[in-house]
Amino acid sequence: MTGKKSGFLGLFNQNYHRNNVVFLHCVIHQDALCKSALNMKPVFDAVVKLVNTIRSRGLTHRQFQDFLQSVQSEYSDVLYYTKVRWLSAGCVFERVWQLKDDIVSFFHEKQCSAECEMLEDTEWLSDFACFTDLLCHMNNLNVKMQGKNQFIDDIWAHLKAFKLKLNLFTGQLAKNDLSHFSRLNSIPSVNEEKLKNYEDGLKKLHFEFECRFQDFSAMQTELDIFTMPFNVNCEAVKSDLN
């Protein structure tokens, strides 16, 4: 609908040149799409496969639920991944992380340790921990932008704050500081090469946010007039906004 060439946006601009109309895509959807900048497919596929292994087989699923009940786990089940739900990936990752020890014990008890061998691999586990931390941070941002009584400047403030957080996270990883990556911090001795890869991933994620939300940056002055009218340089404001 808002395609730049054949969508409404393109047709509108073709017929009304030099218009001042601002087109913005669904902000929350754009936020959810930003995670495509992360190279998490191998980990993601393994987690989804593990969840499907547990839940798609009726007997295994019931046995797993009974096992969790027997060990008095805080959770009663793993979560299915649903592509159309933007928060789903983060929720699935977080639940598997919380239950990883129970999942390993369950499959060992069934003598099917091959199903969960990646959960005993420190290298894979560090990637899983990092992505889980990141997805949880992104889910928190997504939730903040939802709800009633939020103006566009409120949403933009959340986005700017998150971009600053990404810069902070990048700097901290460069110093081996995992303060904001609690799950990754629980992995013993994450090697420097891994941390460098995570640092590069954060930079790519930040760049993705910059690209997807560049329309907001372009209208920063207009937003400032609305949110902080007394702090705006009047001489820099367009004449039609005075």
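**View 1. Val-96 is a buried residue of helix H5.** In this predicted model, Val-96 is buried, with a relative accessible area of 1% (buried means under 20%, exposed over 50% and partly exposed in between, with a 1.4 Å probe and protein chains only). Val-96 belongs to helix H5, residues 88-109 (helices are DSSP runs of H or I with at least four residues, numbered from the N terminus). Leaving aside residues up to four places away in sequence, Val-96 touches Val-47, Leu-50, Val-51, Ile-103 and Phe-128 (contact means heavy atoms within 4.5 Å). Val-51 is 45 residues from Val-96 in sequence, yet their C-alpha atoms are 8.0 Å apart.

**View 2. The largest nonpolar core has 60 residues.** Such a core is a set of buried Ala, Val, Leu, Ile, Met, Phe, Trp, Tyr and Cys residues joined through side-chain atoms within 4.5 Å. Ile-103, Phe-128 and Phe-209 have the most contacts inside this core. Domain 1 (26-37 + 130-241) and domain 2 (40-120) both contribute residues, so the core lies between them; the domain bounds come from an automatic or database assignment.

**View 3. Helix H6 is mostly covered.** Of its 23 residues, 17 are buried. From first to last C-alpha, H6 reaches 33 Å, close to the 33 Å expected at 1.5 Å a residue (1.5 Å times one less than the number of residues).

**Notes.** Residues are numbered from 1 along each chain as its sequence is written, and side-chain values use heavy atoms, without hydrogens or water. In this predicted model, local features need pLDDT of at least 70 and side-chain atom pairs count only at pLDDT 80 or more, whereas totals for chains, interfaces and linings use all residues.

Terms used:
Helix = DSSP H or I, 4+ residues; strand = E, 2+ residues; numbered from the N terminus.
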